[in-house]
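Me: I have a structure open and want to learn how to read it. Can we go feature by feature?

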Amino acid sequence: MIECSLANRNKGWQRMNSQEMNLEFIRLLNEWDPFSIGEGNYETEIVDSLQALYDLDSEEELANAIQAIYEFSFEEVLPLENCLAISNKLMYVKRSSSCSF
């Protein structure tokens with residue numbers, strides 16, 4: 001029996017493969033541009049954020065990790081609510097892309 005997330009069933013989405021999912025994560029993080037320096041200027045932070053996304057399963061934990069990643073690189077603390085907003089988007093894609101057999 002295949003169980004897909006409710007979001008997938010309701011929107012008729014097909015399950016993304018891991019490459020498509022990674023590209024969607026990268027797109028979302030690039031568009032986020034939290035320091036307004038332009039898309040494409042966060043390669044290291046995006047890679048670190050992707051690793052955190054794969055390691056963590058809660059929006060709050062991911063938001064804290066993203067905040068720490070960007071603070072380490074830019075020596076400026078992003079508001080946690082901004083990190084939580086992108087974390088929610090990333091986790092939504094992660095959850096809506098997975099199916100269990």
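Me: Does Tyr42 count as buried or exposed, and at what relative accessibility?

Reply: Start with the idea. Buried means under 20% relative accessible area, exposed means over 50%, and partly exposed is in between, with a 1.4 Å probe and protein chains only. Tyr42 has 0% relative accessibility, so Tyr42 counts as buried. Tyr70 also counts as buried, at 0%. Phe74 is at 28%, so Phe74 counts as partly exposed.

Me: What should I know about the model itself?

Reply: This is a predicted model, where local features need pLDDT of at least 70, side-chain atom pairs count only at pLDDT 80 or more, and totals for chains, interfaces and linings use all residues. Residues are numbered from 1 along each chain as its sequence is written, and side-chain values use heavy atoms, with hydrogens and water left out.

Me: How many helices and strands does the protein chain have?

Reply: Helices (H or I, at least four residues) and strands (E, at least two) are DSSP runs, numbered from the N terminus. The protein chain has 5 helices and 2 strands. Their order along the sequence is β-α-α-α-α-α-β. Of the 101 residues, 39% are buried.

Me: How far apart are the end C-alpha atoms of helix H2?

Reply: Work out the expected span first: 1.5 Å times one less than the number of residues. Helix H2 covers residues 18-32, which is 15 residues, so it should span 21 Å. Its end C-alpha atoms are 21 Å apart, which agrees.

Me: What happens at the start of H2, and what just after it?

Reply: Look for polar contacts. A polar contact is a pair of N or O atoms within 3.5 Å; within protein, one must be able to donate a hydrogen and the other to accept it, and residues adjacent in sequence count only if both atoms are side-chain atoms. At the start of H2, a side-chain oxygen of Asn17 comes within 3.0 Å of the backbone nitrogen of Gln19. Just after H2, Asp33 has a positive phi of about 45°.

Me: Which residues of H2 are buried, and what covers them?

Reply: The buried ones are Met21, Glu24, Phe25, Leu28, Leu29, Asn30 and Trp32. Their cover includes helix H3 (43-55), helix H4 (59-74) and helix H5 (80-96).

Me: Which residues have the most contacts inside the largest nonpolar core?

Reply: A contact means heavy atoms within 4.5 Å. A nonpolar core is a set of buried Ala, Val, Leu, Ile, Met, Phe, Trp, Tyr and Cys residues joined through side-chain atoms within 4.5 Å. The largest one has 24 residues, and Leu29, Trp32, Ile66, Tyr70 and Leu90 have the most contacts inside it. H2, H3, H4 and H5 each supply at least two residues of this core. H4 gives the most, with 6 residues.

Me: How many aromatic pairs are there?

Reply: Rings of Phe, Tyr and Trp (its six-membered ring) pair if their centres lie within 6.5 Å; planes under 30 degrees apart count as stacked, over 60 as edge-to-face and the rest as tilted. The structure holds 6 aromatic pairs. One of them is Tyr42 and Tyr70, tilted, at 5.8 Å centre to centre with 50° between the planes. Tyr42 lies in the loop between H2 and H3 and Tyr70 in helix H4, so the pair ties together parts 28 residues apart in sequence.
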